[in-house]
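Here's a quick tour of a protein chain, written for someone who likes to know the cut-offs. Have the viewer open as you read.

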Amino acid sequence: MQTKLERIARIAKERPKERFTSLVHLINEESLVQAHRQMKAKKAPGLDKVTKDQYEENLTENVRGLITRMKRNAYRPQPVLRRYIPKIGTTKARPLGIPAYEDKLVQLALKEILDAIYEQDFLNSSYGFRPQRGCHEALKALNYIIEKKGINYLVDVDIKGFFEHLDHKRLMEFLAIRIADPKIGRLVVKFLKAGVMEEDRLLLTPEGTPQGGIISPLLANIYLHYVLDLWFEETVRKRCKGSAYLIRYADDFVCCFQYQEEAYSFYQDLTERLKTFNLEVAEDKSRIIAFGKDSLDKVMPQTFDFLGFTHYASKSKKGKFRVKRKTSRKKLSASLKRCKDWLRINRNMEIKIIMQKLTIKLLGYYRYYGITDNTKALVSFRTEVGKLLFKWMNRRSQRRSFDWNKFNLFLKRYPLPNPKIYVHIYDLSSNLSYLC
């Protein structure tokens with residue numbers, strides 16, 4: 001299977017206008033079993049209530065039955081089960097769709113096929129849900145652009161309800177540019193039109209793709225590849241007299257410009273461009289700011305948030321312009337709230353286990369937010385976690401367990417891990433051909 005995918009990837013790279021006519025046969029017993037092996041065991045079940053362990057009890061029969069239904073066109077994805085998760089920093093909630101287990105398997109097998117093709121097409125300005133192109137790589141590239149490419153203005157854009165308003169017809173038109181296999185097209189449509197089950201009500205899905213679906217991030221990347229990335233590269237950059245760069249992570253993106261008038265012109269054109277594809281700029285979350293070497297001369301330099309960090313203009317030890325980052329206030333507050341809630345719920349667990357799990361949570365936090373210049377925010381987070389731990393360990397019973405002296409002795413026995421910088425912003429080991 002891997003050899004076949006590699007061959008498809010090679011053809012896609014060598015022949016950028018090739019349309020693939022025979023792909024659906026790659027969704028077979030082998031690829032579905034492989035997808036099953038890749039599934040995490042503790043993922044929430046969908047509408048079918050089937051878990052990985054339950055499906056594995058009769059794995060061979062289940063997979064063969066699924067393939068049989070697909071071959072005679074009897075396979076119908078079940079509606080995704082909708083759950084809501086708190087939206088960080090607001091009182092709103094984000095909808096999360098959980099597909100049925102078999103639908104997850106088919107989506108993963110389909111994603112592997114589409115990935116092999118579209119990874120050859122996606123531009124280097126695109127990050128998120130792609131191999132070796134995560135948040136930290138996007139931050140490194142953005143840092144390099146602002147510091148080295150004469151950037152003075154940023155267009156910070158938020159697309160309003162992108163995953164809810166993705167246009168199905170347009171998406172299928174984009175897929176048809178590379179995919180000529182009608183069975184693949186029908187399969188994608190089935191997933192898009194499967195519907196959503198919310199509080200025992202079946203809701204139709206004439207537009208959008210549910211967040212939480214395995215295939216959704218890839219479909220989003222394909223949509224924005226044609227709507228935004230190619231347009232910016234082939235139209236916007238070519239007409240700009242100064243530097244112009246785009247860094248996109250899924251549906252979050254920042255555009256960098258050398259000249260103010262080109263930044264404003266792009267923002268106006270972007271608004272019209274998105275409307276053409278059933279999308280809308282969130283006016284209250286989008287703005288144009290002066291940010292770059294010249295912004296240091298201002299009394300109150302502007303800042304912007306991207307991928308969980310507040311970016312601000314500063315100077316190096318040698319007095320040169322530098323972009324620095326710190327954990328955004330919204331993300332810091334949200335992380336502390338999650339930690340507080342976890343300690344409150346689990347405070348009566350065995351202390352040794354509490355400290356083991358809390359250590360894992362802190363290390364995970366450091367691995368993401370442990371980036372160049374962010375040490376102070378990490379230390380602050382660890383301090384606040386220590387205060388929360390002191391509070392909730394004293395509420396394990398009606399009698400107070402610790403004063404601060406005893407608590408410090410407790411921390412000597414069960415120390416919280418110290419902050420560490422894991423990500424060095426000037427380590428430019430990723431592909432920089434787009435930036436040169």
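Which residues does Ser314 touch, not counting residues up to four places away in sequence? The contacts of Ser314 are Leu296, Lys320, Phe321, Arg322 and Lys324, where contact means heavy atoms within 4.5 Å.

## Ground rules

This is a predicted model, so local features need pLDDT of at least 70 and side-chain atom pairs count only at pLDDT 80 or more, while totals for chains, interfaces and linings use all residues. Residues are numbered from 1 along each chain as its sequence is written, and side-chain values use heavy atoms, with hydrogens and water left out.

Ser314 sits in strand β11 (residues 309–315). Helices (H or I, at least four residues) and strands (E, at least two) are DSSP runs, numbered from the N terminus. With 17% relative accessibility, Ser314 counts as buried; the cut-offs are under 20% relative accessible area for buried, over 50% for exposed and partly exposed in between (1.4 Å probe, protein chains only). Thr383 is 69 residues away from Ser314 along the chain, and their C-alpha atoms are 25 Å apart.

Glu102 belongs to helix α5 and is buried, with a relative accessible area of 17%. Leaving out residues up to four places away in sequence, Glu102 touches Asp48, Tyr55, Asn62, Leu66, Arg69 and Tyr75.

## The whole chain

The protein chain has 15 helices and twelve strands. Along the principal axes, the C-alpha atoms fill a box of roughly 70 × 60 × 40 Å.

Of the 436 residues, 49% are buried. Among contacts with a separation of 6 or more, 71% join residues 24 or more positions apart. The accessible surface is about 23,000 Å², with 50% belonging to carbon and sulfur atoms; areas come from the Shrake-Rupley method with a 1.4 Å probe, and for residues only the protein chains shown count as cover.

## Cavities

On a 1 Å grid over the protein atoms alone, a cavity is a set of points where a 1.4 Å probe fits but cannot get out; a pocket is an open set with protein on both sides within 12 Å along at least five of seven lines, and lining residues have an atom within 4 Å of a point. Points are joined across faces, edges and corners, and a volume is the space filled by probe spheres set on them.

There are two cavities of 30 Å³ or more. The largest cavity has a volume of about 110 Å³ and 16 lining residues, with Val80, Gln107, Phe191, Pro210 and Ile215 nearest its centre. Helix α9 gives the largest share of that lining, three residues. The second largest cavity holds about 40 Å³, and its lining includes Met39, Lys40, Tyr101 and Lys104.
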